[in-house]
Each structure stands twice: as C-alpha cells, then as structure tokens.
Amino acid sequence: LINPEDDSVSDTLSWLVAAKNPRNMSHEAIVLVSDTMWNGLIYREFMYSKIWFMISLMFFMLSQAILPKSDSAHELHMRLLIFAGRLLMYVVTMVRFIFQHSKFCMRSYREG
C-alpha cells in the first residue's frame, strides 16, 4: 500500500475511498497504513502548508488592508512599512510558487 515499484505513494487508499465501502475502510490493516502515512509523512507537510498560509494571510492583510487605512498612512515611515510588507509578500510567495512550479515541470519533463 505504501511503496509501489517507483517509491511513490500507492493509489490503493484512493481506490478504497472511491469504493465507498465503510467495512473495507475500517479494516485494521488499512487503518494502520493510513494512520502511519498521516502521522509520519502527511501531517507535517499539511501543518507546514497551513502555517505558511496563515503567515502569508497575515502579511497580506497588514500590507493591503490594515496599514493603508491607518491614520498615519500618509507619513513616510508608514508608507515605507507598507511598501516593505508588500514587497516581502510578493517576493516570498512568488519564490515559493516558482519553486513549486519548477519542481512540477522538472518532474513532468523526466516522466515524459
């Protein structure tokens, strides 16, 4: 269930879900494999992506909605802070997206 020939995640769990049979999904071996995958591999990546999303959302809200509406938004230091927040937001998120897209393109190119 976990390691097919090419060392990627098997499609077996998705097939079991698509079958919509609760008896199969409650089998001890299936529960063990899915819990092992969730606790060992998927949970960390899931939490990192959610934390990254919340931090990105916080920076976006500060630089796009909260700081520009403040009373001191017209002062130089506040304008520089808004600019720095927007620059950080766009550079960091774009670098992440470029990295993810490049990784996807390279994998697709290798697989043909």
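**Close-up views of helix 3 and its packing partner**

**View 1. Helix 3 and helix 4 cross with a left-handed sense.** In this predicted model, the crossing is left-handed, that is, the near helix is turned anticlockwise from the far one by less than a right angle. Helix 3 (residues 28-66) and helix 4 (residues 76-111) pack at an angle of about 150 degrees, and their axes lie 8 Å apart. Helix 3 is therefore roughly antiparallel to helix 4 (an angle over 145 degrees). Residues are numbered from 1 along each chain, local features need pLDDT of at least 70, and side-chain atom pairs count only at pLDDT 80 or more. Side-chain values use heavy atoms, with hydrogens and water left out.

**View 2. The contact between helix 3 and helix 4.** Helix 3 contributes Trp52, Ser56, Phe59, Phe60, Ser63 and Gln64, whereas the residues from helix 4 include Ile82, Gly85, Arg86 and Leu88 (contact means heavy atoms within 4.5 Å). By class, this contact has eight nonpolar, five polar and two charged residues.

**View 3. Ser63 in its surroundings.** Ser63 lies in helix 3 and is buried, with a relative accessible area of 1% (buried means under 20%, with a 1.4 Å probe and protein chains only). Leaving aside neighbours within four places in sequence, Ser63 is in contact with Pro68, Ile82, Gly85 and Arg86.

**View 4. The kink and the buried residues of helix 3.** A kink of about 55 degrees is centred on Ile42, the bend being the angle between axes fitted to the seven residues ending there and the seven starting there. Ile30, Val33, Met37, Ser56 and Ser63 are buried in helix 3, and their cover includes helix 1 (12-19), helix 2 (22-25) and helix 4.

How values were computed:
Axes are lines fitted to C-alpha atoms, for helices over the stretch in contact, and angles run from 0 to 180 degrees between N-to-C directions. Helices (H or I, at least four residues) and strands (E, at least two) are DSSP runs, numbered from the N terminus. Angles under 35 degrees count as roughly parallel, over 145 as roughly antiparallel, 65 to 115 as roughly perpendicular and the rest as oblique. Ala, Val, Leu, Ile, Met, Phe, Trp, Tyr, Cys and Pro count as nonpolar, Asp, Glu, Lys and Arg as charged, and the others, Gly among them, as polar. Buried means under 20% relative accessible area, exposed over 50%, partly exposed in between (1.4 Å probe, protein chains only).
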